[in-house]
Amino acid sequence: MSSAWIPHWRRVSRGLCNWATFVDESQTRVVEASLALIRERARLKAAQVRGKGGSIATTCLVGVPLGHNSSFLQGPAFAPPKIRKALWCGSTNSTTEEGKVLDDVRVLTDAGDVPVQELRNCGVNDEALMLAITDSVKLVMGEQPLRPLVLGGDHSISYPVVRAISESLGGPVDILHLDGHPDLYDAFEGKPFSHASPFARIMEGGHAHRLVQVGLRSVTQHQREQAKRFGVEQYEMRHYKRDRPILESLELGEGVKGVYVSIDVDCLDPAFAPGVSHHEPGGFSFREVMNILQSLQGDIVGGDVVEYNPERDTRDGMTAMVAAKLVRELCAKISK
Ligand SMILES: [Mn+2]
């Protein structure tokens with residue numbers, strides 16, 4: 001190449017650089033605009049709670065319609081609106097089992113969805129997307145007395161959500177994790193943000209002190225080693241008969257900032273919840289999950305219901321009702 005070309009190449013590379021900078025800055029502004037909507041909704045909902053006399057803690061829904069970190073099917077991206085529809089379905093009363101009234105804004109409110117698909121559509125990468133989820137949850141937590149209950153989405157979202165909670169509270173939480181799978185892979189198919197890896201990221205980040213996994217029935221050797229490495233307490237379904245008294249008297253949150261509850265709908269047997277991506281027989285009945293949840297002792301600072309896959313549900317959305325009832329009963333634990 002002759003030296004006469006050099007200024008030309010400089011111009012081209014400068015042009016590319018400006019273009020890349022323009023895209024970066026535009027994406028940042030789109031993320032900021034998305035966060036502004038969550039912030040304003042959370043502010044408004046917290047003001048409405050105070051207007052009704054206030055509360056110690058109010059459950060605030062946040063939808064995270066993210067399905068692309070799934071290893072098998074992507075349907076959980078479509079879950080949040082289906083769960084909301086089932087939550088407010090006229091076929092059942094708007095109360096929890098113990099009688100909390102869900103259409104009281106002091107018990108349950110909603111900050112809307114993180115616009116995951118729109119952000120991806122703008123080319124926002126996974127790391128920035130995870131950060132946007134963390135920041136969204138932090139904005140909700142910043143508005144007393146709101147506590148986030150996140151509608152997934154696949155299980156990859158639990159990492160940015162728990163990160164937000166531990167960073168907001170200034171220390172780790174204890175986690176009760178109900179799931180057919182431990183989701184502890186260092187990376188799955190090369191993806192560190194895979195839905196099979198969130199609890200590895202959470203433990204590495206120091207965001208959890210105790211991680212208690214319940215409902216397991218598909219644990220690989222790698223994940224047993226990861227559990228040992230991170231000091232995870234694993235309760236497998238094959239020992240359920242023996243473990244049941246322990247699981248129905250769990251006390252978490254001792255010496256930490258609170259308790260987080262993560263519920264993968266596939267903790268249930270597929271007979272009770274067919275609308276999930278991974279059918280793993282041998283799981284809990286719905287009542288068994290209720291017994292564990294309702295007897296749980298500790299200050300519940302947040303939670304999630306993930307992995308509901310509407311594309312695998314029955315035509316009349318039976319699993320949506322199951323996911324919605326998990327949301328209701330988690331709300332009963334959080335709000336006070
Ligand atoms: Mn699972």
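In the sheet of this predicted model, T59 stands opposite R147 of strand β3, and β1 (58–64) and β3 run parallel, joined by seven bridges. Residue numbers start from 1 along each chain as its sequence is written. Because the model is predicted, local features need a pLDDT of at least 70 and side-chain atom pairs count only at pLDDT 80 or more, whereas totals for chains, interfaces and linings use all residues.

The protein chain contains 10 helices and eight strands; helices (H or I, at least four residues) and strands (E, at least two) are DSSP runs, numbered from the N terminus. The radius of gyration of the chain is 21 Å, close to the 20 Å that the globule rule gives for 336 residues, so the chain is as compact as a globular protein of that length. That radius is taken over C-alpha atoms, and the globule rule is 2.2 Å times the number of residues to the power 0.38. Buried residues account for 49% of the 336 residues, a residue being buried if 20 or more other C-beta atoms, placed from the backbone, lie within 10 Å of its own, exposed if 12 or fewer do, and partly exposed in between.

The eight strands form an open sheet in the order β2-β1-β3-β8-β7-β4-β5-β6, with parallel pairing, where two strands pair if DSSP finds at least two bridges between them. Strands β2 and β6 (233–236) stand at the edges with a single partner strand each, so one side of each is left without a neighbour in the sheet.

Helix α2 (residues 79–87) has A79, P80, K82, I83, A86 and L87 buried. Seen down the axis of α2, these buried residues fall within an arc of 165°, so they line one face of the helix; the arc is that of the directions from the helix axis to the C-beta atoms. They pack against β1, β2 (108–113), β3 (146–152) and α10 (318–334).

Residue A323 touches I83, A86, V265, V305 and Y308, not counting residues up to four places away in sequence, contact being defined by C-beta atoms, placed from the backbone, that lie within 7 Å.

The peptide bond from Q144 to P145 is cis, with omega near 0°, and P145 lies in the loop between α4 (126–141) and β3. A cis peptide bond also joins G152 and G153, with omega about 10°. E189, although not a glycine, has a positive phi of about 50°, and counts as exposed with 8 C-beta neighbours inside 10 Å. E307, in the loop between β8 and α10, has a positive phi of about 75°, but is buried, with 31 other C-beta atoms within 10 Å.

Methods
Contact = placed C-beta atoms within 7 Å.
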